Amino acid sequence: MEPSIEFLTVEECHQVDAALLASREKFTARVAIYALRSLKAIAQEQQCPVAELSPQAIVDWIGSDPSLQANQDGSFRNFFVQIVLGALKPLREIAASLNVAIEQVSVAQVIAWYEVQAKNNLDG
C-alpha cells in the first residue's frame, strides 16, 4: 500500500476551483479525483485493473490506510468506503465516454466531465 496518499494536490485544487462548477459539483469532482487516485493505488497493489477491484478489496485497503487511521473511528472509515465506492459510478461513466480504462482517466478529464454534466443540468 502506498502510504499517506494526498487527498488532492495544490495544483488539483486549483484546477477544480477554476472549473465552471457550483460548490456541490466541485466537492463531487474532488471526491472523484481522490477516489480515482485511491483506486489506482489499490489496483496496483492488487495487480489488477480498477474495473476488476472487488468492493472488499477497497474496504480492506481503506481500513489499512494509515492516513485514514489517525483519530478516526469505524464509522468514518465506513463513510469513506461508501464515498470511494460511490465515486466508481461516475468514474466508469467518464472512462466509458472516453473509451479508456478507468486508470487512464486524468484529473483534467474528470473535471471536464463534471463541467459537461453541470452544463447539461442547466440546459436540461
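Helices (H or I, at least four residues) and strands (E, at least two) are DSSP runs, numbered from the N terminus. Colour the chain by these elements: there are five helices and zero strands, and from the N terminus the order reads α-α-α-α-α. This is a predicted model, in which local features need pLDDT of at least 70 and side-chain atom pairs count only at pLDDT 80 or more, while totals for chains, interfaces and linings use all residues. Residues are numbered from 1 along each chain as its sequence is written, and side-chain values use heavy atoms, with hydrogens and water left out.

**Whole chain**

Show the surface. Of the 124 residues, 35% are buried (under 20% relative accessible area; exposed is over 50%, partly exposed in between; 1.4 Å probe, protein chains only).

**Core**

Select Leu39, Leu53, Ile58, Leu91, Val110 and Tyr114. They have the most contacts inside the largest nonpolar core, which has 36 residues. Such a core is a set of buried Ala, Val, Leu, Ile, Met, Phe, Trp, Tyr and Cys residues joined through side-chain atoms within 4.5 Å. Helices α2 (23-46), α3 (55-64), α4 (74-98) and α5 (107-123) each supply at least two of its residues; α2 gives the largest share, 10 residues.

Centre on Leu53. Leaving aside residues up to four places away in sequence, Leu53 touches Leu39, Ile42, Ala43, Gln46, Cys48 and Ile58 (contact: heavy atoms within 4.5 Å).

Next, look down the axis of α3. Ala57, Ile58, Trp61 and Ile62 are its buried residues.

**Salt bridges**

Two salt bridges are found in the whole structure (a side-chain nitrogen of Lys or Arg within 4 Å of a carboxyl oxygen of Asp or Glu). Select Arg37 and Glu12, whose closest N and O atoms are 2.4 Å apart. Arg37 lies in α2 and Glu12 in α1 (residues 10-18), so the pair ties together parts 25 residues apart in sequence. Glu12 is buried at 10% relative accessibility, whereas Arg37 is partly exposed at 21%.

Then select Asp17 and Arg30, which meet at 2.2 Å, N to O. Asp17 is in α1 and Arg30 in α2, so this pair joins parts 13 residues apart in sequence.
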